[in-house]
Amino acid sequence: MKIAALFPGQGSHSVGMGADLTTAFPEAAEVYTQVEHVLPGLRAVIEQGPPDELTLTANQQPALVAASVAAYRAWRAHTGLTPAFAAGHSLGEYSALVAADALSLGDALRLTRQRGKLMQAAVPVGAGAMSAVMGDPAIVAEVCAGTEGAQPANFNAPTQTVISGTKEGVEAANAALKARGLKAIPLKVSAPFHCPLMAPAAAGLAPELQTTAFTPPAFPVYANVTAQPNTDPTALPGLLTEQITGAVRWVETIQALAEAGADVFIEFGPGTVLTGLVKRILPDARTLNVGSAAQVQDFTL
């Protein structure tokens with residue numbers, strides 16, 4: 001048995017996430033104590049809201065790291081199990097690196113707070129857009145290649161690709177995709193993530209990543225931009241910088257994990273987005289979710 005630990009990105013948040021874990025497991029409580037120490041006030045937003053405050057990118061990113069890491073550490077302490085691999089979707093890559101002991105929780109919280117601020121500030125509100133496209137990803141890539149201001153941002157499932165870019169570019173791509181028989185659904189997002197418009201955010205975060213203390217991971221962490229395992233800590237600043245403007249190659253990542261022998265996929269943190277995507281990529285895969293105290297306490301393989 002080889003476990004792949006998966007960690008969600010933006011959109012999986014909810015007010016109160018992880019709160020029951022902190023009362024049931026000291027390992028989770030310590031995570032939330034550190035959140036309050038590193039980013040004062042964020043714990044109250046996680047546990048009490050209001051929802052609009054938690055949804056802000058600069059709050060949501062470190063909050064999801066906290067909730068995901070709390071679930072993971074409670075699970076590890078309760079079960080004694082260790083994953084063979086880890087991967088995170090976009091922001092979740094930071095949670096995966098914390099789980100693998102390649103990045104400290106404190107540094108992950110600080111980096112994702114700054115990442116959120118920079119990504120939000122990179123593009124004026126309303127200037128960018130994103131859409132979820134249902135259909136052949138090859139057609140999506142072809143249309144985007146011929147449309148200025150649009151590019152694939154997330155290859156989420158065999159027939160679901162998110163595109164990102166300027167408002168005009170994404171709208172033009174949506175029209176072209178619909179003409180090719182694909183369905184394009186505009187997304188309610190605060191900024192156009194994982195596209196060249198995020199270059200100012202990448203440039204702003206790069207110096208901080210370069211001065212962060214990364215260490216060799218306890219197990220391979222698959223990078224979003226390569227869909228390949230990485231165990232070299234010196235590569236992480238570059239991979240995480242490139243991730244801000246590059247596409248999340250999630251389909252390839254899950255396929256590569258399966259090829260490496262992963263036969264159980266566990267999503268740590270709130271929501272079930274990633275296990276749902278795994279099932280679409282590998283219909284016969286065994287998936288589990290660990291985001292609450294009950295899910296930790298009742299965990300069986």
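Ala87 stands opposite Tyr222 in strand β7. The model is predicted, with local features requiring pLDDT of at least 70 and side-chain atom pairs counted only at pLDDT 80 or more, while totals for chains, interfaces and linings use all residues. Residues are numbered from 1 along each chain as its sequence is written, and side-chain values use heavy atoms, with hydrogens and water left out.

Strands β2 and β7 run parallel and are joined by 2 bridges; two strands pair if DSSP finds at least two bridges between them. Strands (E, at least two residues) and helices (H or I, at least four residues) are DSSP runs, numbered from the N terminus. In β2, Phe85 and Ala87 point one way, Ala86 and Gly88 point the other way, and all are buried, that is, under 20% relative accessible area with a 1.4 Å probe and protein chains only. β2 also pairs with β1 in the parallel sense, over 4 bridges. In this pairing, Phe7 stands opposite Gly88 in β2.

These strands belong to an open sheet of 6 strands in the order β8-β7-β2-β1-β9-β10, with mixed pairing. The edge strands, each pairing on one side only, are β8 (229-230) and β10 (286-290). Strand β7 (residues 221-222) runs antiparallel to β8, to which 2 bridges join it. Here Tyr222 stands opposite Pro229 in β8.

Helix α6 (residues 92-99) touches β1 (3-7), β2 (85-88) and β7, and its direction makes about 155° with that of β2. Helix α12 (residues 250-259) touches β1, β2, β7 and β9 (264-268), and its direction makes about 170° with that of β2. Contact means heavy atoms within 4.5 Å. Axes are lines fitted to C-alpha atoms, for helices over the stretch in contact, and angles run from 0 to 180 degrees between N-to-C directions.

A helix pair was also examined. Helix α2 (residues 26-38) packs with helix α5 (residues 57-79) at an angle of about 155°, and their axes are 7 Å apart. The two helices are therefore roughly antiparallel to each other, a term used for angles over 145 degrees. Their crossing is right-handed, meaning that the near helix is turned clockwise from the far one by less than a right angle. On the α2 side the contact is made by Glu27, Ala28, Val31, Tyr32 and Val35, and on the α5 side by Ala66, Ala67, Val69, Ala70, Arg73, Ala74 and Ala77. By class, this contact has 10 nonpolar, no polar and 2 charged residues. Ala, Val, Leu, Ile, Met, Phe, Trp, Tyr, Cys and Pro count as nonpolar, Asp, Glu, Lys and Arg as charged, and the others, Gly among them, as polar.

Note on methods
Buried < 20%, exposed > 50% of the residue type's maximum accessible area, 1.4 Å probe, protein only. Parallel < 35°, antiparallel > 145°, perpendicular 65-115°, else oblique.
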